Amino acid sequence: MRITCPICGERDRREFYYKGDALALNRPGPDGGEKAWDDYLHIRDNPAGETRDLWFHEAGCSAWVVVTRNTVTHEILASELASKVKEAAT
Amino acid sequence: MGFSGWRVIKEGLTGNRGWKPQWRDAAPKKDYDVLIIGGGGHGLATAYYLAKEHGITNVAVLEKGHLGSGNIGRNTTLVRSNYMMPGNSEFYSHSVKLWEGLSQELNYNVMHSPRGQIVLHHSDAQRDAAVRLGNAMINRGDDAELLTRDDVRRMVPYLDFDSARFPIYGGLLQRRAGTARHDAVAWGYARAADERGVDLVQNCEVTGIDMKNGKVTGVQTTRGVIRAPKIAVVVAGRSSQVAAMAGMRLPIESHVLQAFVTEGLKPCIDHVISFGMGHFYISQSDKGGLVFGGNLDFYASYASRGNLPMKEHVMEAAMTLMPMIGKAKVLRSWGGIMDMTPDGSPIIDRTLIDGLYLNCGWCYGGFKAVPASGYGFAHLLATDQYHETASKFQLDRFRSGRGLMDEEATGSQHNLH
């Protein structure tokens, strides 16, 4: 599997560390409440198909990247810098 | 129709013409008392214990493919009970006890082979942890022995004891641990459940769960509507999809775990050997193949096949532990879809929907759990009470934080267990 880093281009999967679902970017505030924290830490949509998850280009440019990926075919569909995704959301 | 030595001889002398199909290929009826979604090891065991322990036989197991076509046929067949946390501890202990009588109970040879599992340690701190785990196992009535480096060398002399990174300090041995024939477990439970009147319905995919006023009433399937007041979801890596049919989201992420087997070799590895530092474990099947595996590929996946980097890592770990394995040729590799939970322990529980029950979250340890999982889940389905050996696998523990069973203390990230 090769992952496209928005900065470095297409790279070997081994250069990346996998964090998990991209909802990791939406950390609730300390007073977010039990349900928000449960959703954030534990509950997952876990789709069989297209998903968005968060990868760290550890052995490359050290960027956090949101990758759109198919969990059934392992196809990489899109990738954006997590910082951009975060900016767009706020 | 029972199996026995006499029967094998008689059939052998008469051209093996007397063997019959081991279970009916049942068509679904309109109504049942209990529907079990998923005809894998856990689902079939649940059906068997519902019939045997609780006399509930108006039961159908609904399987979208053929029986035993999921993880029960894709695992590395280990049976062990080296768990420490309350909840897991009594459960796996119970499971090993059920394994020990399983072939006789089912009249089906599941080839349970308690050949002993050695878990290696490589530092003083790891030895301390092994002593603590061993004591915990002994305290609840199971067996554990601490092996010195020389003991390990006598038992498995072919390991590399002096590797610079992970020199072997010793091991923790559970003699009652071992392996079993994975497919035979599914077939044995299927046959025994069928004999007691359970309908095993294959090629029947559930496409919807029907509910009325917060209660389940039945399921939509590719073979029509089937009604039942109790529905048990036992679908491992596909749990999130089936739960979504009932509007539920689960604390589960599905990951791929690979396994490998070499060409058949003469007997050379007599035990199960676990090399935690390399995320590597190995045993030898009765056919002679070396069966081994490693860690998850680490990213969410439903592909049932893995990628090359983890293959490379597993081969490196194998060579680090036992250089002699370099002479063997890998025959094939495969992957299974693992239902990973945030604490690495399973879920056997009711849900907030009346009549809907859940058995999932086995991560990559589901095979050894099959008997106790079926036993405990059947108890819950029949009595609405947790069985004493399966009372801590509650769905709510993640939200509340009470009763988490994180054996490796790796936190709430699904793929780290």
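Select A:D39 and A:K35: their side chains meet in a salt bridge, 2.9 Å from N to O. The term salt bridge stands for a side-chain nitrogen of Lys or Arg within 4 Å of a carboxyl oxygen of Asp or Glu. Both residues lie in helix 1 (residues 34–41) of chain A, and because they are four residues apart there, about one helical turn separates them. Over all chains the structure holds 32 salt bridges.

The model is predicted, so local features need pLDDT of at least 70 and side-chain atom pairs count only at pLDDT 80 or more, while totals for chains, interfaces and linings use all residues. Residues are numbered from 1 along each chain as its sequence is written, chains are lettered from A and ligands numbered from 1 in the order in which they are written, and side-chain values use heavy atoms, with hydrogens and water left out.

Now show chain A as a whole. It has two helices and six strands, in the order β-β-β-α-β-β-β-α from the N terminus. Helices (H or I, at least four residues) and strands (E, at least two) are DSSP runs, numbered from the N terminus. The C-alpha trace of chain A spans about 40 × 25 × 20 Å along its principal axes.

Between them the two chains bury about 2,400 Å², 45% of it on carbon and sulfur atoms. Buried area is the accessible area (1.4 Å probe) that two parts lose on being put together, summed over both.

Four salt bridges are counted between chain B and chain A. For one of them, select B:R399 and A:E34, whose side chains meet at 2.4 Å, N to O.

Where they meet, helix 2 of chain B has B:L44, B:A45, B:A47, B:Y48 and B:Y49, and helix 7 of chain B has B:A186, B:Y189, B:A190, B:A192 and B:A193.

Definitions and conventions: Contact means heavy atoms within 4.5 Å.
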